[in-house]
Amino acid sequence: MATKQITIPAAQGDLHRPSGVAQYLTPVVHDLVALAVNGKQAHWHVRGANFMGVHEFLDEVVTHAQDAADAVAERIVALGLPIDARVGTVAARTTTPELSDGFQQSEVTVREIVAQLDATLETVYAAVKGLDDVDLVSQDIAIAVAQQLDKDRWFLFSHYAG
C-alpha cells in the first residue's frame, strides 16, 4: 500500500504572510500584556468613589487583555514565528503610558486605564488596517480584540461620564 503524500499550499499564495502578520500583531501583544499588568496594578491600588465597581471591573479588563494577548500570540506562533513577550521586551516596546505609582483615587485610576486602553486600541486599529492586505484571518482576530477593548473602555469611562 502506497502512502499518499499531502501537499499543503501556502495560504493566499504569499510566503511572506507570517512575517507580515508578526509585523502588525507583535506590537498588539506587547500592548495587551502591558495593559494586563498595568490593569492589575491599578486594581490593587484603586481607592475612593466607586471603589468596588472600578476594582472589580479592572479584573475583567485584565482577563480580556490576557485572553486577547494569548489569541494574538498564538496566531503568530501558528504561522511558524516566535513571539517575544518577555517582561523586559514588553516594557521596552509598549506604547501604553506609565501609571502613577501607589494608591490612586478612582477618578485617577479610571483616567489612567482609559489612557492605557486608548494606546492599545491605537495599536490594534493600526494592525487591523495593515492586515487588510496581508491576512484576513489575522485581521479578524485584531477586529475582535478591538471590539472587546472598545467595550471595556466604554464601561470604564462610563463610571465618570456626565
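Over the ring of which residue does the charged end of R153 sit? The views below come from a predicted model, in which local features need pLDDT of at least 70 and side-chain atom pairs count only at pLDDT 80 or more, while totals for linings use all residues. Residues are numbered from 1 along each chain as its sequence is written, and side-chain values use heavy atoms, with hydrogens and water left out.

**View 1. A charge over a ring.** The charged end of R153 sits over the ring of F157, 5.4 Å from the ring centre; this label requires CZ of Arg or NZ of Lys to be within 6 Å of the ring centre and within 35 degrees of the ring normal.

View 2. F57 and F155 form a tilted aromatic pair, 5.8 Å centre to centre with 45° between the planes (ring centres of Phe, Tyr or Trp, the last by its six-membered ring, lie within 6.5 Å; planes under 30 degrees apart are stacked, over 60 edge-to-face, and the rest tilted). Because F57 lies in helix α2 (residues 51-78) and F155 in helix α5 (residues 136-157), the pair ties together parts that are 98 residues apart in sequence. Helices here are DSSP runs of H or I with at least four residues, numbered from the N terminus.

View 3. F57 counts as buried at 8% relative accessibility, whereas F155, at 36%, counts as partly exposed (buried is under 20% relative accessible area, exposed over 50%, and partly exposed in between, with a 1.4 Å probe and protein chains only). Ring pairs link F57, W154 and F155 into a cluster.

Conventions
Helix = DSSP H or I, 4+ residues; strand = E, 2+ residues; numbered from the N terminus.
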